[in-house]
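This report is written for a reader who is meeting the structure for the first time. Please look over the sequence and the model below before going on to the sections that follow.

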Amino acid sequence: MAEDTVDNSQADAADESAEAATEESAEATEAAAVATEGTEEGAAAGGVEGEAAEGGEEGAGEEAGEAVAAAPAAVEAEPLRPDISFVRDIVNSGGSDLKKCYQCATCSVVCNVTPDDHPFPRKEMQYAQWGLKDKLMGSPDIWLCHQCSDCIAQCPRDAKPGTVMQAIAKMTISNYSVAGIAKAAGNLGGTLLLAIIPTIIIIIALAAQGSFGEIPRGHDGEIVYSEFMATSKAIDPMFSFFFLFSGLLFFLGARKYWRDMVRNHEASGGAKPGSFLSNIGPTLSEFLTHKRFRECDETEDRANAHLLVFYSFVGLFLTTAWAVVYFYIVGWHSPFPFTNPIKWLGNISAAAGIIGITMVLIYRFNHAERVGIGSYFDWSLIITIYIIMVTGIGAEVLRVADVAALAYPVYAIHLISVLFLFMYMPFSKMAHMVYRMVALVFARATGRDTGVA
Amino acid sequence: MADKDVIVVGGGISGTTAAVEAAEAGLEAVIVEKNPYLGGRVSQLFRYFPKLCPPYCGLEINFRRIRNNPKVSYHTQAVVESVSGAAGDFKVSIRKNPRYVNEKCTSCGECVKVCPVERDNEYNFGLDKTRAIYLPHELAFPMRYVIDMSVCKGSACAECVKVCKYGAIDLEMQPETVEVSAGNVVYATGWNPYDASKIENLNADTIPNVVTNMVMERMAAPNGPTKGAIVRPSDGKEVKKIAFAQCAGSRDRNNLEYCSAVCCMASLKQATYIREKYPEDAEATIFYIDLRAPGKYEDFLRKLQEDEKVTMRKGKVAKIEEDSATGDVIVTLEDVFGSGKVEERFDMVVLATGMEPAAVSDKPASAVLEKNGFIDAGASADGIHAAGVARRPSDVAESVQGATGAALKCMQTVREVSNV
């Protein structure tokens, strides 16, 4: 084949670094794999068994021969290390159609968020089929993917590249946190088991305060949640502890991810990347408008849904910080009157949250036919956020309506679900906020992706 | 005893072959062809691969065999409406649509000169027009004019009737339905080019200089709409830089799920058309997923690989845009053996669209179709056979061999039935 760089690669390999040679031999073997795939395709097509099989096998033999020929140049380089269990994990994490891929690269072309140079997700499909875990874990590209699903809609083989990318992303989370917990968070049984811990913590905390006795009331007989669960003695220490602990895990995971990316980048001849801090500014400002999300064709509407949820979280975080100021500095205790701006911020944020997550839900169903409904990993986060939003708003409404018999239990569920989210952030899809940010900053620091226009 | 041993549905290269092979072995065969001419898709091709000879070589041989053999007959503009009965004695109902021109026609062409109505010429995929009375194409068999009554003004005009010296035109002809009994039915219903506008990401129907491979055949053919000039539909500019987008709609679950089997060879062949037209400076690039040149066809592939003006790049064309200022076509792909997304500009892009079995729209009465619409003769009743692309995607050589096989199957049925 005149244009096949398999041929050229042999000449080039001698001149280039040993690492580069590995790359070349990967390409050659890749060609072999593709040719073999072609054979299967021919048989599957039912129309051309004999001919396609013949052509395919011949191609495979030829390319494989070249792969072997290229191998001596690669002796000093790291050999490829296929990790079969990694492949199995991807398949079990939603990437079950991975092996349908025949490397046509439609996905890379229809993707609007990939860099043009070594685009994703075609190469990731190849790495994933081969179980090249190292190439995929320390790669920014996994998280540059925004799940637009344009690739899924256009894939001629229904190999669902976007879903595979997400399965790999999920494994990144597992790889850079505690694998056992992440694995549990990836299925319903495990999630329910994990949920027992925050439930028990909240129950113990309530029992210790004697809140299971008579219905707690404020001075004027109104519902006051801090009488049920004390702010300074219970909520703040517990939630702060788990929040900060998750923050620490995030920091450790993100640092390791960054270092792995630097190592892979430099090993393939890349220049030393810029620092994290000097590149985070533009990345954050991109988040504020969700510019990148808007590049999606197939699921363009997700941008606004995600934006609402994003700002809801930001708003609720600020509300909490504000309440801390009121409580510890000004000495005001909740509940605050509706005339106080803190209530405005809190309620607007909650409204944005419930509207946003409902939009997420509706859009998912609308897009399901063309791009699938999403994995368990997506749904556990969506449902967690839903429970938090519904119980949070519900607790406020029931408090004002003075339905104590329901208000306190709903509030308890709200506390459990928020604690659940905090505790397992580093293991759930929530971790995407950290890894995606780190990946985007890294891509900017290496010049791989300097932002969307 | 049935009227005929074999009814062949479809008079393309496969159908005519099945009929003459059966007839030459002593069976009575009749061909039912829906077009006003025999020869089917093959007649539309400029050249065959790999020998690059004109398809009329093969077709003429079959037509001569038909003319010389009293055991084979044919109906044009005829469709099978129903099939009942069993092997050895199928009752086949054939609807014969009127041609409005009888056997007295000498193809003198005087009628065309006076016909006031134009119609799109579907034989050339709408690239040119014919009059309402027209010769299907220059080498049509039978060599006889036909009237498209959907546009003809009928007896209110009748200009053609007035100028025809031979009394060959009869605007009052009516359709008729005939019942024929037959021992076997061979479906050789062939294929239609896949509708490229269905390929969501390629915008094929909105960009004039993106054409299908069958349009390319008509453009290259001396009897085609451009008289063999390969020029851009938008502005008539000579095509010097051409791209072939392989698997356009084939091997694609959103379009045709299967490999159409001939498109790789067809594009390689078409690359020779343009290299021959402009040997000095024409450049052809073939963008592929896998190049399939099975068996001896590999020699053909190797020959093209030696031509430095023919480039083959692994990576499917997944986006096509038009530069409206120049009419150029810009394709985007990921060069899988290169390093990234590539945008390249061409004078014209040929989509290597695949073959969709005609049975998908024809819905043959008595055959069992597999999921893609090809006829599964094995699953169909005894005495029902399939040949050519109706059976599976195949090139001309394989279709002809398969048609001979179908003729053999017919002989076996005839023999079994007479032994009972």
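## Domains 2 and 3 of chain B

In this predicted model, the C-alpha centres of domain 2 of chain B and domain 3 of chain B are 33 Å apart. The domain assignment of chain B places domain 2 at residues 110–163 and domain 3 at residues 195–354, while domain 1 is made up of the segments 4–97, 175–190 and 358–418.

Domain 2 of chain B and domain 3 of chain B do touch, with 7 residues of domain 2 in contact with 7 residues of domain 3. Between them the two domains bury about 670 Å², and 68% of that area is on carbon and sulfur atoms. On the side of domain 2 of chain B that touches domain 3 of chain B, the residues comprise 3 nonpolar, 2 polar and 2 charged. Across this interface there is 1 residue pair in polar contact, with both residues at pLDDT 80 or more, and the count of salt bridges between domain 2 of chain B and domain 3 of chain B is 0.

## Salt bridges

Although that interface of chain B has 0 salt bridges, the count over all chains comes to 47. One pair in chain B that forms a salt bridge is B:K162 and B:E159, whose side chains meet at 3.2 Å, N to O. B:K162 and B:E159 both belong to helix 4 of chain B, which covers residues 159–163, and because they are 3 residues apart in this helix, about one helical turn separates them.

## Backbone features in loops

In chain A, the bond from A:S334 to A:P335 is cis, with omega near 0 degrees, and A:P335 is found in the loop between helix 16 (302–330) and helix 17 (341–371) of chain A. In chain B, the bond from B:F49 to B:P50 is cis, with omega near -5 degrees, and B:P50 is found in the loop between strand 2 (29–32) and helix 2 (56–68) of chain B.

A further backbone feature concerns A:D402, a residue other than glycine that has a positive phi, near 60 degrees. A:D402 sits in the loop between helix 18 (376–401) and helix 19 (404–424) of chain A.

## Confidence in the model

The model as a whole scores ipTM 0.89 and pTM 0.86. Chain B has an average pLDDT of 95, with 100% of its residues scoring at least 70.

For chain A the mean pLDDT is 84, and 83% of the residues reach 70 or more. Over residues 1–75 of chain A the pLDDT is below 50, and this stretch has 110 contacts in the model beyond near neighbours in sequence. Where pLDDT is low, predicted coordinates should not be read in detail.

Note on methods: Residues are numbered from 1 along each chain as its sequence is written. Chains are lettered from A and ligands numbered from 1 in the order in which they are written. Side-chain values use heavy atoms; hydrogens and water are left out. Domain bounds come from an automatic or database domain assignment. Contact means heavy atoms within 4.5 Å. Buried area is the accessible area (1.4 Å probe) that two parts lose on being put together, summed over both. A salt bridge is a side-chain nitrogen of Lys or Arg within 4 Å of a carboxyl oxygen of Asp or Glu. A polar contact is a pair of N or O atoms within 3.5 Å; within protein, one must be able to donate a hydrogen and the other to accept it, and residues adjacent in sequence count only if both atoms are side-chain atoms. Ala, Val, Leu, Ile, Met, Phe, Trp, Tyr, Cys and Pro count as nonpolar, Asp, Glu, Lys and Arg as charged, and the others, Gly among them, as polar. pLDDT is the predictor's confidence in each residue, from 0 to 100. Helices (H or I, at least four residues) and strands (E, at least two) are DSSP runs, numbered from the N terminus.
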